[in-house]
Amino acid sequence: MNTKRGLLPGAHFLNGDIACAEGAVAAGCRFFAGYPITPATEIAEHLSERMPEFGGIYVQMEDEIASMAAVIGASYSGLKSMTATSGPGFSLMQENIGLAVMTETPCVIVDIMRGGPSTGQPTLPSQQDVMQARWGSHGDYEIIALSPCSVQEMFTLTVEAFNLAEMYRVPVMLMGDEIVGHMWEKVLIPSADRLSIVNRKKPKVSPEEYLPFKPDADLVPPMACFGEGYHFHATGLTHNEHGYPQTQSAETQFKLVHRLCDKILKNVDKIIKVEETMLDDAEVVVFAYGIVARSALSAVRKARAEGIKAGLLRPITLWPFPEKQVAKMAKQAKAFVVPEMNCGQLVHEVERWTKETPVTFLSKFGEEPHTPLEILEAIRRSR
Amino acid sequence: MDKEILEHPLSKYLRTDMMPNIWCPGCGNGIVLNCFVHALDELKADLNKLVVISGIGCIGRTAGYTNTDSFHTTHGRSIAFATGVKLANPELDIVIVSGDGDLFAIGGNHFIHAARRNIGLKVICVNNFNYGMTGGQLGPTTPLDAVTTTSPYGNSEHPFNLVHLAAASGAIYVARWTTLHVRRLTQSIKKMMQKEGFCFIEVISPCPEVFGRRNKLKSGMDMMEMFKKVAVVESFSDPARADITPDKIVVGEFVDIEKMSYEKLFHEKIAQINERAMEKVS
Amino acid sequence: MPERIKHKPLDSDKVPQPKAEIHIIKNQCKGCGYCISFCPKKVLEESEEINARGVHPPKVVDEGQCIVCSFCSAVCPDFAIFVTERKGKEESKA
């Protein structure tokens with residue numbers, strides 16, 4: 001099956017969901033298992049058409065729990081796999097996200113956030129799942145979560161999500177929102193040779209010597225797949241380097257959980273990405289992500305036009321949280337403004353790292369994101 | 001690890017460094033594992049293509065004991081996981097070994113859809129009538145009036161008839177045996193491994209420590225003696241009437257048909273679409 | 001499937017009975033008793049010794065009576081017993 005077939009390089013007018021789907025295909029994703037849910041359904045619909053064109057697999061599972069399980073199964077069979085959902089489905093997937101963490105399965109989970117809790121507002125945006133992305137499953141673990149603010153980023157960050165998943169053998173969340181998912185913008189798709197793609201490390205030893213959960217120096221074990229002759233075992237139970245359950249050993253549990261976390265924590269400098277706009281001399285820092293960052297950028301520009309030294313710190317990586325960047329700006333700035341489309345989630349992380357620097361939180365959700373003027377007001381007030 | 005296990009002719013199919021298994025004396029799980037590896041041996045199965053997937057439960061430890069690629073999933077999700085594996089690599093032979101609660105309570109939804117799709121998964125359900133691993137709670141196959149830790153006054157729920165459920169959902173091979181019917185179980189496993197599509201074997205198994213003890217079947221031997229007395233082979237009888245009562249356990253093969261598997265259908269279609277797409281580009 | 005033969009076969013004098021060699025992996029045994037109870041020729045019984053699991057593994061009473069049906073091997077949950085056939089020329093595993 002030829003997989004080099006048309007990535008559609010060039011300029012396109014797409015909506016965010018479709019851009020995300022195209023990003024997945026461009027990254028080499030060849031398995032999608034999902035369940036229809038507004039506002040992520042378009043990703044599934046688009047991939048049901050595109051996957052077979054590449055010889056890839058689209059399967060609609062009976063629920064989101066099954067979707068996440070199938071994604072892990074396909075990843076262990078050697079395919080880059082993903083699913084896409086929204087709040088209610090994301091909640092259902094949490095147990096198996098924990099399984100993906102424990103079995104170090106590379107995979108991508110897209111959450112196009114909508115109003116919650118529960119069934120909430122299926123067709124309207126929010127940023128109410130960002131804490132859930134970090135803490136949704138039980139137990140101690142770390143994940144990587146990215147936040148696109150444009151349709152272009154729905155494409156590029158999906159590719160980035162796959163690369164990070166393959167590199168660190170973790171589930172990576174792409175936290176979009178209903179607006180970024182449904183709006184239509186211009187997207188530039190590079191040709192295949194201009195895209196940087198990362199694939200998982202494969203074992204270099206013979207099957208007899210292979211230990212499926214023995215890490216390399218970067219704390220990530222090479223990953224064999226089913227059918228390659230390695231005869232390995234993987235389990236969600238606490239396990240040793242053989243992959244065999246070893247639930248009664250405190251030492252095994254301590255080492256394993258710490259390694260799963262350190263895989264990410266020790267590599268934060270390589271993982272975390274932020275976008276800094278006009279921050280060099282900023283006295284008021286706006287910390288915004290996703291669709292809100294678009295309004296925030298406009299607000300910061302307007303503030304500058306009024307002579308206020310404002311700047312925008314936009315986390316592209318929500319988790320691990322860019323604490324160093326926030327702490328650094330906190331020393332310089334006189335105030336932080338954090339607009340979020342929720343009751344206050346990432347703002348608590350910001351407050352943890354800004355220490356004495358005052359933080360103004362702007363909560364708005366239910367239909368529209370904050371307008372630039374609303375954020376500008378807050379910038380003016382916070383000086 | 002006792003090296004003596006290596007003397008056993010079937011030890012090459014086992015992860016001998018994990019032996020002895022965690023199962024209680026008299027537990028039927030070991031018998032199912034035994035029949036399974038006997039079947040693999042008789043088939044001269046290619047162990048590089050075999051993936052054993054199990055759920056949570058005592059029987060779920062089986063995946064850790066077979067010397068093949070294996071995966072121990074979250075509770076109830078082995079079938080959904082296996083669907084992803086099979087679709088991603090249809091060349092793999094996938095055997096799911098799990099329990100009555102894992103497959104039919106929490107996992108019930110996944111079971112019926114996989115059977116409906118006729119995806120080539122081979123499911124062995126070891127039915128011990130309760131949730132053994134967690135101490136003996138009632139499950140979807142617990143007989144009426146049975147005593148379990150969560151039905152101390154006797155179970156008031158009607159149990160599933162698993163072979164009826166599997167047949168009605170679309171499985172192309174359905175059989176039920178007990179752990180006493182070791183030869184026939186081995187033959188059934190061999191048969192199902194050679195079929196294309198969704199296959200299901202229910203194995204009635206003793207759980208002496210937590211189920212039997214509370215229900216007048218104190219040892220594994222008591223239950224096996226019961227199987228000897230009340231099990232009746234009625235192959236190809238109506239699965240809807242394949243009852244399990246204290247006086248009669250109907251065993252046998254109930255369904256054995258041919259139907260194209262989901263993964264075959266699916267991949268043929270993908271190949272066609274892929275080809276058409278290639279033509280457009282070139 | 002071999003059917004249970006109720007009568008002694010007419011040529012039983014001419015067909016040699018297989019010579020069994022019963023192997024018991026004592027420390028694998030958990031003492032369930034299935035091999036002992038279900039042996040059609042009552043070749044096994046519980047031994048006096050105690051193994052590493054704290055139970056009495058089976059012992060062979062009369063290996064000559066064994067017909068290499070291998071039911072014990074098939075029904076053992078712990079891979080603790082298997083039977084091979086002494087053919088004189090070579091052993092074949094049953």
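Domain bounds are those of an automatic or database domain assignment. On that basis, chain A is divided into domain 1 (10–194) and domain 2 (275–382).

The structure is a predicted model, in which local features need pLDDT of at least 70 and side-chain atom pairs count only at pLDDT 80 or more, while totals for chains, interfaces and linings use all residues. Residues are numbered from 1 along each chain as its sequence is written, and chains are lettered from A and ligands numbered from 1 in the order in which they are written.

**Stop 1: chain A as a whole**

Select chain A. Its secondary structure comes to 13 helices and 16 strands; helices (H or I, at least four residues) and strands (E, at least two) are DSSP runs, numbered from the N terminus. The radius of gyration of chain A, taken over C-alpha atoms, is 21 Å, close to the 21 Å that the globule rule gives for 383 residues, so chain A is as compact as a globular protein of that length. The globule rule is 2.2 Å times the number of residues to the power 0.38. Along its principal axes, the C-alpha trace of chain A spans about 70 × 50 × 40 Å.

**Stop 2: the two domains of chain A**

Colour the two domains separately. Their centres, taken over C-alpha atoms, are separated by 26 Å. The contact between them takes 21 residues from domain 1 of chain A and 21 residues from domain 2 of chain A; two residues are in contact if their C-beta atoms, placed from the backbone, lie within 7 Å. Which element supplies the largest share of the side of domain 1 that touches domain 2? Helix 5 of chain A does, with 4 residues.

**Stop 3: two helices in chain A**

Select helix 1 (residues 16–27) and helix 6 (residues 151–168) of chain A. Their axes come within 7 Å and cross at roughly 30 degrees. Axes are lines fitted to C-alpha atoms, for helices over the stretch in contact, and angles run from 0 to 180 degrees between N-to-C directions. The crossing is right-handed, a term used if the near helix is turned clockwise from the far one by less than a right angle. Among the residues that meet here are Ala19(A) and Gly23(A) in helix 1 and Met154(A) and Phe155(A) in helix 6.

**Stop 4: a sheet with strands from both chains**

An open sheet of 9 strands has the order 10(A)-2(B)-1(B)-3(B)-4(B)-6(B)-5(B)-8(B)-7(B), with mixed pairing; two strands pair if DSSP finds at least two bridges between them. Its edge strands are strand 10 (233–235) of chain A and strand 7 (231–233) of chain B. Strand 10 of chain A and strand 2 of chain B pair in the parallel sense over 3 bridges, and His233(A) stands opposite Ser70(B).

**Stop 5: where the chains meet**

Finally, how many residues of chain B are in contact with chain A? There are 37, in contact with 43 residues of chain A. Helix 3 of chain B gives the most to the side of chain B that touches chain A, with 8 residues.
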